[in-house]
Amino acid sequence: MAAESPVESLQEEATCPVCLEYFTHPVTLECGHNFCRTCIAQCWEGPDTAASCPQCRETVQQRNLRPNRPLANVVEIAKRLSFQTAKGAGGGRVCGEHQEALKLFCEEDQTPICVVCDRSRAHRAHTVVPVQEAAQEYKKQTETERQKIVSAFQQLRQFLEEQERLLLAQLEELHKEIVKTQNENITKLSEGISHLSELISEMEGKCQKPASEFLQDVKSTLSRCEKGKFQEPEEISPELEEQVSDFSQKTLVLMETLRKFKDTLPSALESLGAHRQANVTLDPDTAHPQLVLSEDGKSVRWADTRQRLPDTPERFDTVFCVLGCEGFTAGRHCWEVEVGGGRFWAVGVARESVGRKGGISRSPEGGIWAVERWEDQFRALSSPVTPLPRSRAPSRIRVCLDCGRGQVTFIDAGDEAPIFTFPPGSVPGERIRPWLGVGPGSRLRLRP
């Protein structure tokens, strides 16, 4: 095994042997070992004044705890050095809590973590894989789902092209039959008109002659007039009518097939594991009076002055936030939010019954599942709050809501990297709506 680097050795010395994280308010025991003040207090719970060192088991007096300020300074140096080293090696993607490179990916929490997070209580029992391996796996899954969707659309396109050829061929045959019948009727009508014209001329000539001559052969003349009566054009044959009816029926069947495909496509995509792109707009009746919405309901910005708006039960009156008009109770849905370069914003979802008045808890207990940037802090509003790397604060976030699993995932829409996931079962089975928080100087926009 390769020898530890000086940085790794320094990190080891700055790590508490109980919590396996950087020391917090380190104290020194009589035996010389160091621990976080909180960690040693938890180890020594009870009324006894004497206890043993968790590391060497030597009996020490609880009251003889001495703050180790030099070690606290070393911890800060180790954090800064670790941050600089990780930033140089990992392109700036480091853990916001431990300033370590995000080299691992927690499959349970669906979030990148550092080696210190992996050793902490929060992730110690979780399945952890290298971040590159996790990224490749997600890319494979995405490519598989993409190929399934492309294949489904190719099959539909082939079906439609085949139906188009068949129906156009039938339509051409019907057109020929109709034109043929039309031409035959025109020919018969022309012949009948010509024959009637001849009879009219003959009768006009006979009418000019004397009565005795006019009455000669009158019976033959009347007989020819009777035979020359105008005959109605032939109607469309029953066979042709049946073909027209069959063509119309097939057209209706095709239209119904297309309608059913359009209706079932979202659920088909969901069955493939895809999220349906939701067209989200913001609900002005819920917006805090200091939030200004665009006319199309797609963007919101923070204003210096409070607008005069009716204080309805639906409107947030203390927290600067707004809900989406759309609500979801089933299926998988996703939408994107542009957060730009703002430093005060939050993006996520909230249940329909989330509190609107006074101070509300922006947490799952309060009915909100979101990620937030507040100045230099980037974090998930979980319980407790989960710090996220400041370098991972994106300019565009995709929110993926899975109502069936009760899960919401946040993805960097720029490079498709996962940001944070509230695990399955976190989101309750009730109506869930998009939720945005907007602070001073920030502007958020929903992408179409």
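Visitor: Why is R379 called partly exposed?

Guide: R379 has a relative accessibility of 22%. Buried means under 20% relative accessible area, exposed means over 50%, and partly exposed is what lies in between (1.4 Å probe, protein chains only). At 22%, R379 therefore counts as partly exposed. A word on the source: this is a predicted model, where local features need pLDDT of at least 70 and side-chain atom pairs count only at pLDDT 80 or more, while totals for chains, interfaces and linings use all residues. Residues are numbered from 1 along each chain as its sequence is written, and side-chain values use heavy atoms, with hydrogens and water left out.

Visitor: What makes R379 and E372 a salt bridge?

Guide: The term asks for a side-chain nitrogen of Lys or Arg within 4 Å of a carboxyl oxygen of Asp or Glu. The side chains of R379 and E372 meet at 2.7 Å, N to O, and form a salt bridge.

Visitor: What makes E338 and R447 a salt bridge, and which parts does the pair tie together?

Guide: The closest N and O atoms of E338 and R447 are 2.8 Å apart, and the two residues form a salt bridge. E338 lies in strand β13 (residues 332-338) and R447 in the segment after β22 (443-446), so the pair ties together parts that are 109 residues apart in sequence. Strands here are DSSP runs of E with at least two residues, helices are runs of H or I with at least four, and both are numbered from the N terminus. E338 is partly exposed because its relative accessibility is 30%, and R447 is partly exposed because its value is 32%. Both belong to a network of salt bridges that links E336, E338, R396, R398, E416 and R447.

Visitor: How do you know that T286 is buried?

Guide: The relative accessible area of T286 is 1%, so T286 is buried. T286 is placed in the loop between β9 (276-277) and β10 (291-293).

Visitor: Which residues does T286 contact beyond its neighbours within four places in sequence?

Guide: Contact means heavy atoms within 4.5 Å. Beyond those neighbours, T286 is in contact with E314, R315, F316, C321, V322, L323, R356 and R433. R433 also forms a salt bridge with D283, with the closest N and O atoms 2.9 Å apart. That pair links distant parts of the chain: D283 is in the loop between β9 and β10, and R433 is in strand β21 (residues 432-438), 150 residues apart. Both D283 and R433 are buried.

Visitor: Why is F23 called buried?

Guide: F23 has 7% relative accessibility, so F23 counts as buried. F23 is in the loop between α1 (6-13) and β1 (26-28). Not counting residues up to four places away in sequence, F23 touches several residues, including C16, P17, F35, C36, L71 and V75.

Visitor: What makes H25 and R57 exposed?

Guide: H25 counts as exposed because its relative accessibility is 60%. R57 is exposed because its relative accessible area is 59%. H25 is found in the loop between α1 and β1, and R57 in the loop between β3 (50-52) and β4 (59-61). Phi of H25 is near 50°, a positive value in a residue other than glycine. R57 has a positive phi of about 70° although it is not a glycine.

Visitor: Where is the cis peptide bond?

Guide: The cis peptide bond joins S383 and P384, with omega about -5°. P384 lies in the loop between β16 (377-380) and β17.

Visitor: What is the makeup of the whole chain?

Guide: The protein chain has eight helices and 22 strands. Buried residues make up 35% of its 448 residues. Of the contacts in the chain with a separation of 6 or more, 59% come from residues 24 or more positions apart.
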